[in-house]
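Work through the exercises below with the structure open. Try each task before reading its solution.

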Amino acid sequence: MDVRRVRAVAKRIVLGFRRDRRSLGLLFAAPIVVLSLVGAVWGSATERAPTVVVATDRFTLPASTLDAFIGSSRIHGRRATFEEGMRQLREGEIDAVVWLEGTTLHVLMQGDDPLQSGSIGGPIQEALLDTVRGNPALAGPRVEIEQLYGGPDYSILDYLAPVLIAFFAFFFIFLLSAVSFLRERTTGTLERLMATPLRRGELVLGYLAGFGFFALLQAIVILLFSVFVLQVRYRGNLATIFIVEAVLVLGAVSLGLLVSAAARNELQAVQFVPLVLLPQVFLSGLLIPLDQLPDYLRPLSAVLPLTYANEALRAVMIKGFELSDPLVLRDIGVLAIFGLVMAIGAVASIRREVA
Amino acid sequence: MAAEVAVVAQGVRKRFGAVEALRGLDVAIRAGEIYGLLGPNGSGKTTFIRCVAGLLRPEKGTLTVLGQTPRAAVNSGRVGYMTQAPALYGELSVQENLRFFAALERVPKAEQRIEEALRAVDLLDRRKSVVNTLSGGMRTRVSIAATFLHHPLLLLLDEPTVGVDPVLRQELWSRFRRLAAAGITILVSSHVMDEASRCDRLGLIRDGVVLAEGSTQDLVSRAGTRDLESAFLAFAAAR
């Protein structure tokens with residue numbers, strides 16, 4: 001393994017992009033356009049009956065009032081202790097925990113999904129007001145809505161920004177690496193490279209370094225645009241986001257190289273895009289929460305890299321999780337394994353034999 | 001002895017599915033000579049050159065390049081290979097392309113070597129031009145420069161003069177001659193009979209076998225014909 005040769009491959013890629021303005025423009029402009037569209041289109045939240053745990057050990061109203069609240073058609077009510085309710089809320093099993101403190105009714109939600117938050121607060125509040133209406137002991141109750149993560153002013157874009165960052169990094173880097181490597185194959189430069197001392201592993205590492213460079217630049221642009229122009233709320237550590245992105249993108253480059261082995265021309269490579277990306281759009285939690293997926297699709301979701309990138313980036317950006325958090329570490333680990341397997345596959349797909 | 005023979009092929013066979021491209025090819029290329037592999041399209045010239053470049057592995061027979069296996073010879077930086085169509089990065093400049101190939105071969109004093117190579121192919125003034133903006137002939141010259149940057153002992157040139165105008169072809173052949181004079185062995189393929197006279201020795205190739213090997217004069221006299229084309233036909237008929 002020779003670092004100078006790896007560096008030469010990476011430098012060659014960077015120099016080449018300098019004159020490929022269209023690809024460079026696409027890399028940065030396209031995600032901004034789509035993010036803007038998403039921000040404009042998905043501004044409103046949808047209504048649904050939330051699942052609510054009523055903390056019976058902190059709810060001192062008469063049993064009949066409690067029954068009325070739990071039986072309200074506006075919510076799916078459950079009984080549990082406060083502690084058990086909190087556990088279920090943290091693990092995402094329920095939408096909210098409700099308890100009574102003096103004459104103040106507390107509603108605690110996760111808050112990491114503004115689409116859900118918007119639709120949870122209203123129905124719970126209405127159900128509570130319906131229940132206590134006419135109860136002199138609770139005339140004019142004070143309702144306090146609190147969130148574990150985020151805040152009531154979080155928009156759908158705040159929730160989507162982390163997953164869109166992962167998606168754009170994956171999509172554009174995958175496409176660019178697939179087409180670039182295909183060009184190496186179709187223009188004869190790969191044949192030429194294979195007749196030099198360059199090793200296949202050095203070539204793949206050079207590609208990973210070259211495209212990794214652009215992926216991180218892209219991440220900076222998307223993140224700055226999201227935070228300062230689109231005013232996306234953001235917690236967590238910037239470096240952790242970059243680590244997740246970098247590991248994700250290594251898999252994307254390798255997958256691109258692998259796909260280019262299966263395609264004969266650029267048009268064919270582009271046809272692989274829906275094949276590789278659409279399942280990830282629908283099965284990685286990007287558009288549809290994972291717990292709403294049918295059981296038979298769960299295993300497929302579990303092998304998609306974006307599933308783990310989405311989970312990690314949401315945890316970091318919305319919940320403010322650190323790199324050391326077991327969930328984030330596990331996701332990065334899975335992404336690293338995916339990247340490694342794809343890189344090995346990419347090396348194996350580059351055959352010295354040209355015909 | 002190994003220094004005197006640059007490439008030895010004995011009974012080399014290579015098959016692509018149903019097509020047998022090389023059918024027991026025998027070749028001996030002496031060090032320091034320009035050896036022309038002469039034959040029609042589809043005769044196995046490119047397949048053989050790719051075998052010598054370590055890009056294809058023969059199924060049968062033995063192939064020794066500079067006393068080593070082809071792959072080992074390539075890995076040690078002693079072989080330069082020019083593909084039939086110039087294999088360059090169109091979006092990079094001439095200089096950037098040469099720097100890239102120099103780095104892959106770990107060429108010492110690369111900038112000096114690049115300047116020498118560009119001077120040799122008469123492109124010093126176009127070093128900063130983007131390859132996509134160059135003419136086909138200029139690209140061929142850049143491709144040749146990239147082939148000998150690392151001072152290989154063996155140059156493999158796959159139909160380097162295809163589609164090249166007569167003036168440039170003349171220039172290219174005088175460059176090949178200069179490289180040979182510097183001690184480099186050159187294996188060049190061609191399907192143009194009139195290029196044969198420029199080679200020291202020839203291998204007449206057809207259907208994956210070498211029909212005859214020798215200098216133009218030698219081949220013509222052995223066949224008892226007036227010119228090389230007739231000699232080629234005579235050797236082909238005798239087989």
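## Exercises on chain B

**Exercise 1.** Find the residue in β4(B) that is the bridge partner of Gln10(B).

*Solution.* The partner of Gln10(B) is Thr62(B). The model is predicted. Next, look at the strands involved: β1 of chain B covers residues 5-16, and β4 of chain B covers 60-65. These two strands pair in the antiparallel sense, over five bridges.

**Exercise 2.** Work out the strand order of the open three-stranded sheet in chain B, and name its edge strands.

*Solution.* Step one: the order is β2-β1-β4, and the pairing is antiparallel. Step two: an edge strand pairs on one side only, which holds for β2 (19-30) and β4 (60-65) of chain B. Step three: ignoring direction, neighbouring strands in this sheet are turned by 20° against each other on average.

**Exercise 3.** Compare the radius of gyration of chain B with the value for a compact globule.

*Solution.* Step one: chain B has 239 residues, and a compact globule of that length would have a radius of gyration near 18 Å. Step two: the value for chain B is 18 Å, so the two agree. Step three: along the principal axes, the C-alpha atoms fill a box of roughly 55 × 35 × 35 Å.

**Exercise 4.** State how many helices and strands chain B has, and what share of its residues is buried.

*Solution.* Chain B contains eight helices and nine strands. Of its 239 residues, 47% are buried.

Definitions and conventions. Residues are numbered from 1 along each chain as its sequence is written. Chains are lettered from A and ligands numbered from 1 in the order in which they are written. This is a predicted model: local features need pLDDT of at least 70, side-chain atom pairs count only at pLDDT 80 or more; totals for chains, interfaces and linings use all residues. Two strands pair if DSSP finds at least two bridges between them. Helices (H or I, at least four residues) and strands (E, at least two) are DSSP runs, numbered from the N terminus. Axes are lines fitted to C-alpha atoms, for helices over the stretch in contact, and angles run from 0 to 180 degrees between N-to-C directions. The radius of gyration is taken over C-alpha atoms; the globule rule is 2.2 Å times the number of residues to the power 0.38. A residue is buried if 20 or more other C-beta atoms lie within 10 Å of its own, exposed if 12 or fewer, and partly exposed in between; C-beta atoms are placed from the backbone.
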